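Student: I would like to learn how to read aromatic ring pairs in a model. Can we work through some cases together?

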Amino acid sequence: MRKIKYTFALIMTVFIISCEDYLDQSEEAEGLTENAIFNDIVLTRDFFDGAFTYYLSEVSVVNQSPDILPGMTMSGEGYPGRTASPVPETYQFYAQGDYLSLMNRTSGSDTTPNFVSRYFFCFKGIRIVNTFLENADNIPNSTEEEINYLKGQAYFLRASFYHLLTKRHGGLIYLKETLSVSQPLTSKRESYESNLSDMLDDIELAIELLPVSWSTESVGRPTRGVAMALKSRLTLFAASPLANETNDDQKWIDAATAASDLINFANANGLYTLANASAASTLDVDRDGADLLVAEPTALQPYRNIFVGSGIQKTIPSEVIFMEANQKFFTFGGILNPTPRLSLTVGFDIIKFNNNPMNIGALANFIEKFETKNGLAIEDDPSYNSQDPFINRDPRFYNNILFDGVPWTTTTAGPKNDTPFVDLAVINEEGNYGKDLDDPSRTTSPLIVYNLTGLRIRKWIPNGAYWRTGNAGNFSYHVNNIIYRMPEVYLNYAEAVNEVYGPNGVAPGGTLTAVGAINLLRNRVGMPNVAAKYTGSKEGFRERIRNERAIELCFEGFRYDDLRRWKTAHLEENKKVEFLKMRWQGGKSATYPSGFSYENEEQTQLRKTFNDNNYWWPIPPSEIEAVPSFEQTEGW
């Protein structure tokens, strides 16, 4: 995706800015008029590429700033260590269920959660797409193939923008043309089902027009497989209890078929092959095991390379379907300009002492979802010891979670970060506070953050990353800004098939059972097949599918919307926030094999409220003020 060189028509509909600013006109850019831009295919392509700069996924960065309320915090996967405003206040609005106040936090990037920016960004992108589609057939120096490829991307983007909007806010208005200033501003919101139909129509057009792959200079643009991945994600959301209130089986069949079609397409074209880290079954992660306190175990490297890697030049990992362009992770200020955004928001969120620190730590109650290496939930495995919780877990645990004692090289400018290992104890071996924990007696700036949860996130941070505020970083590492990867499709398939055909059922046109799809993902990271005790019924297997999804896709921006679409966000287990407290007990013993005690402590002040109206989000109140007929979401 190239940098946009010419922009115009960025004054948006009334639903984007305000009634006063709503004008159906185009700004001249560098002396070019709209007619001039659509008189040349090069200028047209540059204009159209501007729509990609508004594609704000769950892992995107806005204005080189971190997301102050990322999905991993909302979902209960993690909690930030930054105590400076506006992070605590913003979290409290969310925790108290006050989403209207969240949608009002639009005064600037430092106080605006990404999902608020996304609401406005999506409509800006839609405006560019619609302007292009209205002019696409009148570009004199273009070929049919060039226009069809651009149209395919346009239909994909429009459906993508609307999915990002409707998955939170419900039905809106599906704009397929730019609005004229003479049109009366009396629009009413459409139903989610109506928007769904329009999104699926756009996706089918995209699938028809997009290529299977691009030539070298265009690698990174959406392909046919990317559009099919969007269809799989969208149909699964539409089939889920939040949107499918009558539990219509046909919705689940549609979702199963969409996933099956993409699996068959990938296999037929040799695309999106799963990483093979099956050797991780040999990891020695028992107490004092050779691989337990290793930063990046060798047997897990094929899996780890999906998320982080060495070198400036990036190769798209084999199982990745679509990701944001990102040549480097570290450079001055942490992001490579210009747009499209080129750094992953979770990189900002998790790492310590960068320009905009967040330092999100994993939550103690979330990591309990990682099974033992025996393939059992921790509550079902008699070998699991809550006083030795880091040993003999699912190999993905050692890719995703940093725990006390793991050697880790992070060179930064801040204090309390000069040890070669992660020290997360409340009281460590020397009887001191752990160097990665917040010391209540400190007098340093509150922007200098520490780990609060007793755990850190390993998935997105390269070991050896150099980050120094105000200085160039180490260009030896990169992070992959993944939007779609193939494991999600297998998880979508298993979930949909199980709901309508059961654990051993197969989708129309498919070859895998629901159980087989999950085992494929587990085996490729060294985990055994799903235990038979979990596959005896649709209901029992449903819970293991959801758990598998939580583990495989953790910290990738899925879980908050998964909890919503399953309508489980209100359950007790999903409202509590627990930190892990480690305290040195004087030495190793039968009771404390590591020498530490471990206790999950609920943080009652962070407990979340979640009521029925919280399942569908309000739209920004400014929209209602501008166009009263555009009614607020029910319950708000």
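Student: Are Phe156 and Phe322 buried or exposed?

Tutor: This is a predicted model. In it, Phe156 and Phe322 are both buried.

Student: How is a pair of aromatic rings described?

Tutor: By the distance of the centres and the angle of the planes. The structure holds 38 aromatic pairs.

Student: Which parts does the Tyr79 and Phe579 pair tie together?

Tutor: Tyr79 belongs to strand 1 (residues 78-80), and Phe579 to strand 9 (residues 578-584). The pair therefore joins parts that are 500 residues apart in sequence.

Student: Is Tyr79 buried or exposed?

Tutor: Buried means under 20% relative accessible area. Tyr79 has 11% relative accessibility, so Tyr79 counts as buried. Phe579 has a relative accessible area of 5%, so Phe579 is buried too.

Student: What is the geometry of the Phe156 and Phe322 pair?

Tutor: Edge-to-face, with 5.9 Å centre to centre and 90° between the planes. Phe156 sits in helix 7 (residues 144-169) and Phe322 in strand 3 (residues 320-323), so this pair links parts 166 residues apart in sequence.

Student: Which residues do ring pairs link into a cluster?

Tutor: Tyr79 and Phe579 are among them. The cluster also includes Tyr91, Tyr94, Tyr99, Phe115, Tyr560, Trp617 and Trp636.

Student: Which ring faces does an arginine lie over?

Tutor: Arg189 lies over the face of Phe630, 5.7 Å from the ring centre. Arg393 lies over the face of Phe397, at 5.0 Å from the ring centre.

How values were computed:
Residues are numbered from 1 along each chain as its sequence is written. This is a predicted model: local features need pLDDT of at least 70, side-chain atom pairs count only at pLDDT 80 or more; totals for chains, interfaces and linings use all residues. Side-chain values use heavy atoms; hydrogens and water are left out. Rings of Phe, Tyr and Trp (its six-membered ring) pair if their centres lie within 6.5 Å; planes under 30 degrees apart count as stacked, over 60 as edge-to-face and the rest as tilted. Helices (H or I, at least four residues) and strands (E, at least two) are DSSP runs, numbered from the N terminus. Buried means under 20% relative accessible area, exposed over 50%, partly exposed in between (1.4 Å probe, protein chains only). A charge sits over a ring if NZ of Lys or CZ of Arg is within 6 Å of the ring centre and within 35 degrees of the ring normal.
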